[in-house]
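Please open the structure in your viewer and keep the selection tool at hand.

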Amino acid sequence: MSAILPGATIGILGGGQLGRMTAMAARSLGYRIQVMDPDPSCPARFVVDACFEGSWDDARAAADLARGSDVVTLEIEQIAVASLEAAAKYAPVRPGVAMMRIIQDRILQKTWLVKHNFPVGDFRAIHTEDDLQTAIVALGGRCFLKSARGGYDGRSQAKIGFGNAAGSPEGEAHDAWRLLGQRPAVAEKALDLEKEISVMVARAPNGELKSYPSAANHHEHQILAWSVIPSSISPSLETQAQEIARRIAEQMKLEGVLAVEMFLTRDGQLLVNELAPRPHNSYHASERACVTSQFEQTIRAVCDLPLGDVSVVKPAAIVNLLGDLWLDREPKFDRALAVPGVRLHLYEKHLPRAGRKMGHLSAIGETPEEAVHRVLQAKDLL
Ligand code: ADP
Ligand code: MG
């Protein structure tokens with residue numbers, strides 16, 4: 001296998017903010033970039049050489065993208081297997097189809113993790129409303145129901161047993177099952193969380209592997225609100241988290257990057273929540289914190305170049321800017337940018353909607369706490 005050198009063309013399936021920031025890193029390295037996305041004015045549109053319009057299951061569009069590319073990668077896990085296979089006829093697809101098939105289905109993903117002895121919380125595969133009724137009891141009454149396919153940012157999920165719904169537990173299960181469209185799902189025991197962390201790992205086709213120091217992640221309403229690198233967990237937990245992420249990448253023969261989201265429970269267990277085989281919101285701060293950003297690392301990994309140094313140069317945090325901030329008026333960016341160490345990253349999404357990720361603020365600090373404090377202060381000033 002030989003490296004795909006600058007000047008070559010990289011195809012990205014998906015042109016959202018992750019595709020956009022990956023494309024910006026690729027440009028900076030001297031590559032040409034084309035993306036495929038259902039939306040012709042997607043965020044990556046403005047920074048790439050070509051944009052192919054196509055939905056995630058449009059195998060023809062995926063093949064068109066691949067035909068003019070030296071390598072194809074992706075920024076979203078929900079690309080149909082048939083599209084990935086169609087693309088793979090013309091260019092290497094990294095991460096590969098076999099791994100994507102497992103990851104894009106929560107039932108297959110969790111079953112794979114259990115089979116390979118990775119720690120996960122208690123869960124049940126759900127195919128019928130009866131399965132759900134049984135699972136709720138078996139899982140202790142409180143659980144998260146998540147569609148097997150297609151969810152992100154807490155979408156396609158329902159919380160059951162939290163006392164916020166009227167009626168009986170049976171009624172709540174019935175409503176949740178209908179809300180998610182009566183499609184295959186997993187029910188997960190609701191865990192008592194001390195902290196959420198993630199570890200980004202990169203592996204090149206030549207076998208080189210590097211994992212970033214863990215990030216600590218704070219969610220609100222099941223959407224990532226802010227995140228900081230490094231996470232400040234204990235050295236022994238950090239060792240465990242690194243080992244889990246690296247072993248998953250090795251076992252899956254990852255070609256590209258993979259974010260491993262993990263839960264740290266109040267009783268001290270470290271459990272894998274889910275896998276994301278692409279750049280991840282919780283590593284946006286790597287652009288400020290680390291020698292090599294997750295976006296550059298993605299390019300290095302899929303092009304089979306030497307991987308970049310992942311060490312932390314300075315703690316950095318990010319806070320997401322959701323569309324809600326735009327609903328009354330344009331945010332006061334000038335005020336946020338007056339906070340020392342703060343930068344603004346907007347995705348050029350033209351339609352702000354509640355819950356839609358429009359951009360983020362980042363900040364560096366002498367400590368992780370200072371970075372978080374600054375970035376939250378900047379957001380308050382918007
Ligand atoms: P998404 O694909 O939307 O990121 P996740 O499965 O990561 O979905 O869930 C989003 C967030 O919801 C998690 O980061 C966590 O904060 C919360 N959550 C999900 N599952 C559980 C659980 N079993 N117990 C406690 N909190 C959970
Ligand atoms: Mg998640």
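**Stop 1: the largest cavity**

The largest cavity has a volume of about 60 Å³, where a cavity is, on a 1 Å grid over the protein atoms alone, a set of points where a 1.4 Å probe fits but cannot get out, and where a volume is the space filled by probe spheres set on the points, with grid points joined across faces, edges and corners. This is a predicted model, in which local features need pLDDT of at least 70 and side-chain atom pairs count only at pLDDT 80 or more, while totals for chains, interfaces and linings use all residues. Residues are numbered from 1 along each chain as its sequence is written, chains are lettered from A and ligands numbered from 1 in the order in which they are written, and side-chain values use heavy atoms, with hydrogens and water left out.

Select the lining, which is made up of Lys 110, Val 120, Gly 121, Asp 122, Phe 123, Glu 188, Lys 189, Leu 191, Phe 263, Leu 271, Val 272 and Asn 273; lining residues have an atom within 4 Å of a point. By class this lining holds six nonpolar, two polar and four charged residues, where Ala, Val, Leu, Ile, Met, Phe, Trp, Tyr, Cys and Pro count as nonpolar, Asp, Glu, Lys and Arg as charged, and the others, Gly among them, as polar. Strand S8 (185-189) and strand S14 (270-276) each supply at least two of the lining residues, and S14 gives the most, with three. Helices (H or I, at least four residues) and strands (E, at least two) are DSSP runs, numbered from the N terminus.

**Stop 2: the domains and the core**

Now colour the protein by its domains, which are domain 1 (9-93), domain 2 (122-189) and domain 3 (193-380), with bounds that come from an automatic or database domain assignment. The centres of domain 1 and domain 2, taken over C-alpha atoms, are separated by 34 Å. Why does the largest cavity lie between domain 2 and domain 3? Both of these domains give residues to its lining, so the cavity lies between them.

Next, select Ile 248, Leu 258, Met 262 and Leu 275, which have the most contacts inside the largest nonpolar core, a set of 30 residues. A nonpolar core is a set of buried Ala, Val, Leu, Ile, Met, Phe, Trp, Tyr and Cys residues joined through side-chain atoms within 4.5 Å; buried means under 20% relative accessible area, exposed over 50%, and partly exposed in between (1.4 Å probe, protein chains only). The elements that give two or more residues to this core are H4, helix H5 (106-115), strand S9 (193-203), H8, S13 and S14, and the largest share, six residues, comes from H8. Domain 2 and domain 3 both contribute residues to this core, so it too lies between them.

**Stop 3: the magnesium ion**

Which protein donors does the magnesium ion (ligand 2) have? Select Glu 261 and Glu 274: the donors are Glu 261 (OE), Glu 261 (OE) and Glu 274 (OE), lying 1.9 to 2.7 Å from the ion. Donors are N, O and S atoms within 2.8 Å of the metal (3.2 Å for Na, K and Ca), and water is not among the atoms, so sites may look incomplete. Glu 261 lies in strand S13 (residues 256-265) and Glu 274 in strand S14, so the pair ties together parts that are 13 residues apart in sequence. Glu 261 is buried, with a relative accessible area of 13%.

Staying on strand S14, select Ala 276, which counts as buried at 2% relative accessibility.

**Stop 4: two loops**

Move to the loop between S12 and helix H8 (235-251), where Pro 230 lies. A cis peptide bond joins Ile 229 and Pro 230, with omega about 0°. Ser 232 is found in the loop between S12 and H8 as well, and has a positive phi of about 65° although it is not a glycine. Is Ser 232 buried or partly exposed? At 44% relative accessibility, Ser 232 counts as partly exposed.

Finally, select Pro 95, in the loop between helix H3 (81-88) and helix H4 (97-103), where the peptide bond from Arg 94 to Pro 95 is cis, with omega near 0°.

How values were computed. On a 1 Å grid over the protein atoms alone, a cavity is a set of points where a 1.4 Å probe fits but cannot get out, and a pocket is an open set with protein on both sides within 12 Å along at least five of seven lines; lining residues have an atom within 4 Å of a point.
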